[in-house]
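Let's take a friendly walk through this protein, from its overall build to a few local details. Have the sequence and the coordinates open as you read.

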Amino acid sequence: MTTRIFVPCDTTALAMGADAVAAELAQLAHARGADVEIIRNGSRGLFWLEPLVEVQTDAGRIGFGPVEVEDVASLVEAGLFAGSTEHSLALGLVEEIPFLKNQQRLTFARSGITDPVSIEDYLALDGFNGLQKALQLDSQQIIDEVKASGLRGRGGAAFPTGIKWQTVLNAPAEQKYIVCNADEGDSGTFADRMVMECDPYMLIEGMTVAGLAVGATQGYIYLRSEYPVAHRLMNEAIKRAYAAGYLGENLLGSGKQFELEVRLGAGAYICGEETSLLESLEGKRGLVRAKPPLPAIVGLFGQPTVVNNVLSLAAVPFIMDKGGDTYASYGMGRSLGTLPMQLAGNVKQGGLIELAFGATLRELMEDFGGGTYSGRPLRAVQVGGPLGAYLPESQWDTPLDYESFAAVGAVLGHGGVVMFDDTVDMGEQARFSMEFCTVESCGKCTPCRIGSTRGVEVIDRIREGENTDANLELLADLCETMVDGSLCAMGGMTPFPVQSVMKHFPEDLQR
Ligand SMILES: Cc1cc2nc3c(=O)[nH]c(=O)nc-3n(C[C@H](O)[C@H](O)[C@H](O)COP(=O)(O)O)c2cc1C
Ligand code: SF4
C-alpha cells in the first residue's frame with residue numbers, strides 16, 4: 001500500500017528547508033523502491049515545528065518535526081516509509097498536539113490538511129459549498145446571512161462586513177468591484193499569507209460570494225510583492241478555478257459572472273490603507289484619499305467597491321455553508337466568530353492560533369506560546385501591528401475582543417501579537433514607532449509627515465536627558481496633535497505605541 005507523506009510548501013516551511021527535506025525523502029524512496037507518495041500540503045501554523053513532516057497511518061496523521069535534511073536518513077531507517085512512528089522527532093497524532101487541538105478553527109479548518117491547489121482536496125472538505133448556496137440566493141439574502149454572522153473586518157478597523165456590502169449593493173452603478181486587501185503589512189502577521197498559501201480556494205470562494213452579493217463581476221487581490229509563494233499558489237488556484245467553472249462568465253452554469261486576478265503591490269505600508277491601495281491599484285502613487293466619499297460609494301476607478309481583508313473574505317465560505325448564526329455562536333459581545341491570532345517575536349511556540357473572541361492575551365502567550373523563546377521573563381507585548389499599543393503585564397488578562405481592547409487603549413487590529421522579554425529597551429521601541437511613520441507616511445498631511453520627524457527628535461532629546469520634563473510635555477502634545485489632526489490612521493495611531501510607553505514604561509524612555 002502507498003504510504004502518504006506530507007511536507008508543507010508554504011513560505012515558513014520553505015524557509016526552514018522543506019524543499020530539501022522533500023527532495024531527500026523522494027530520493028531515498030526511489031533508492032529503496034518504496035511505494036511512497038509525497039504530497040506538498042499547506043502549513044498547520046505550528047511554526048516552531050517546521051518543517052513538520054506528516055505520515056498517514058490508520059490512526060491518523062503522525063507528525064515529525066522540526067525535520068532537517070540531515071534527519072531524513074534516520075527517519076527512513078526507523079521505518080518512515082512503512083508508516084512507522086518511532087523516532088526522537090515523532091510528535092504523535094498531529095491533531096492531538098495541544099497547540100492545535102485547543103483551537104477553534106473555522107477559517108483555518110483545512111490549513112495543512114490539504115494540497116493547497118488541489119480542487120478535489122478542497123471539495124472533499126466542504127469547499128465551494130458556500131458558493132453553491134449563494135448561487136441559490138439573491139443578493140439581499142446573501143448579505144443578510146453575512147449580517148447575521150456578526151462578521152467585522154479583520155484588516156484592522158473591525159467595521160461590520162455585512163453593512164459595507166449593503167452599501168455597495170445599494171449604490172447604483174454599471175460596474176462594481178471586489179478588492180481583497182492582501183497587503184498584510186503589520187509586524188508579526190502572516191494569517192493572510194497562510195490563507196493564500198494553504199487554502200487559496202477559500203479566498204476565491206469568499207470573493208466570488210461577495211461579488212454575487214453586491215453585483216460585482218470583477219475582483220482584484222492586491223498582494224504584497226514580498227509574498228512570492230502566495231503569488232504563485234494563488235495564481236495557480238485561480239487558473240484551475242477558471243478551468244473548473246468556479247470563476248468566469250458562467251459560474252457553475254448559473255449564467256452569473258465573476259472574474260478575478262492578482263495585482264502586486266510595491267512594498268509600501270501605506271498601500272495597505274484602503275484608499276491608497278485603490279490609488280496604487282489604479283497605477284498611481286499610493287496616496288491616501290480623503291473620506292468621504294467612502295470606497296463603497298466611490299472606489300476603484302470611481303465605482304462602488306468592496307475593500308475587504310483576506311481574513312474577512314475567507315470567513316465567508318464557512319458563514320454561507322454553515323449559516324451566519326453558527327458563526328455568531330462563537331465569540332462574545334459584539335465580537336463574534338473567531339479571530340486568527342498570530343504569535344511572533346520572542347516566543348517559544350510561534351504560529352497561528354484561531355480562537356473564538358474572548359480568550360485572554362495571557363492564555364495566548366503562555367498556554368499556546370509557552371512563554372518567551374529566550375526563557376527570560378516577558379516584559380511587553382505589542383498587539384495589532386506597528387500602530388498598536390504596548391501592553392504591560394497588568395493588561396495581559398484583557399480578553400481578546402474589540403471592545404475590551406479599546407477599553408484599555410489598545411487595538412486587536414489584524415491579530416498580530418509580538419512578544420518582548422525583559423532585555424527590551426522600550427524607549428527604543430517608542431522611537432521606532434515615530435521613525436516607522438517618517439518612513440512610511442504618504443506625506444499628504446502635516447501632523448503625520450512633519451510630526452513623526454519631530455517625534456523622533458523629541459524622543460532623542462528625552463533619551464539624552466536634555467530638558468526632560470519640558471520635552472516629555474512636548475511629546476505628549478505632539479502625540480495629541482497627531483491623533484486629532486491626521487487624515488488617516490497612519491498618523492492618527494502612530495502615537496498609540498508611544499503613549500503606551502510613556503504611561504507604562506516611563507523609566508525606559510528616560511534611561
Ligand atoms: C496605515 C494603514 C495600513 C493598513 N494596512 C492594512 C493591511 O495591510 N491589510 C488590511 O487588510 N487592512 C489594512 N488597513 C485597513 C484598511 O484601510 C481597511 O480598513 C481594510 O482593508 C478593510 O477591510 P476589512 O473591513 O475586511 O477589515 C490599513 C490601514 C491603515 C491606516
Ligand atoms: S496620516 Fe500620514 S499616511 Fe495618512 S494621509 Fe496623512 S500623511 Fe498620509
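What share of the contacts in the protein chain with a separation of 6 or more comes from residues 24 or more positions apart? Such pairs account for 72% of those contacts. Keep in mind throughout that this is a predicted model.

## Overall build

The protein chain has 22 helices and 16 strands. Its radius of gyration is 24 Å, close to the 24 Å that the globule rule gives for 511 residues, so the chain is as compact as a globular protein of that length.

Along the principal axes, the C-alpha atoms fill a box of roughly 75 × 60 × 40 Å. Of the 511 residues, 59% count as buried.

## A covered helix

The buried residues include Ala 191, Met 194, Val 195, Met 196 and Cys 198. Asp 192, Arg 193 and Glu 197 are also among the buried residues of H9.

## Two helices side by side

Now turn to helix H17 (residues 426-440) and helix H21 (residues 495-504), whose axes come within 8 Å and cross at roughly 160°. Because of that angle, H17 is roughly antiparallel to H21. The crossing of H17 past H21 is left-handed.

On the H17 side, the contact is made by Met 426, Gly 427, Ala 430, Ser 433 and Met 434. H21 contributes Pro 497, Val 498 and Val 501. By type, the residues of this contact divide into 6 nonpolar and 2 polar, with no charged ones.

## Backbone details worth a look

Most residues other than glycine have a negative phi, and most peptide bonds are trans. With that in mind, here are some places to check.

A cis peptide bond joins Glu 50 and Pro 51, with omega about -10°. Pro 51 sits in the loop between strand S2 (36-39) and strand S3 (53-57). Another cis peptide bond links Gly 65 to Pro 66, where omega is about -10°; Pro 66 lies in the loop between strand S4 (60-64) and helix H3 (72-77).

Phe 128 has a positive phi, near 65°, and is found in the loop between helix H5 (119-124) and helix H6 (129-136). Is Phe 128 buried or exposed? Phe 128 is buried, because its relative accessible area is 1%. Leu 252 also has a positive phi, near 45°, and belongs to the loop between helix H11 (228-243) and strand S8 (259-264). With a relative accessible area of 32%, Leu 252 is partly exposed.

Conventions: Residues are numbered from 1 along each chain as its sequence is written. Chains are lettered from A and ligands numbered from 1 in the order in which they are written. This is a predicted model: local features need pLDDT of at least 70, side-chain atom pairs count only at pLDDT 80 or more; totals for chains, interfaces and linings use all residues. Side-chain values use heavy atoms; hydrogens and water are left out. Axes are lines fitted to C-alpha atoms, for helices over the stretch in contact, and angles run from 0 to 180 degrees between N-to-C directions. Helices (H or I, at least four residues) and strands (E, at least two) are DSSP runs, numbered from the N terminus. Angles under 35 degrees count as roughly parallel, over 145 as roughly antiparallel, 65 to 115 as roughly perpendicular and the rest as oblique. A crossing is left-handed if the near helix is turned anticlockwise from the far one by less than a right angle, and right-handed if clockwise. Contact means heavy atoms within 4.5 Å. Ala, Val, Leu, Ile, Met, Phe, Trp, Tyr, Cys and Pro count as nonpolar, Asp, Glu, Lys and Arg as charged, and the others, Gly among them, as polar. The radius of gyration is taken over C-alpha atoms; the globule rule is 2.2 Å times the number of residues to the power 0.38. Buried means under 20% relative accessible area, exposed over 50%, partly exposed in between (1.4 Å probe, protein chains only).
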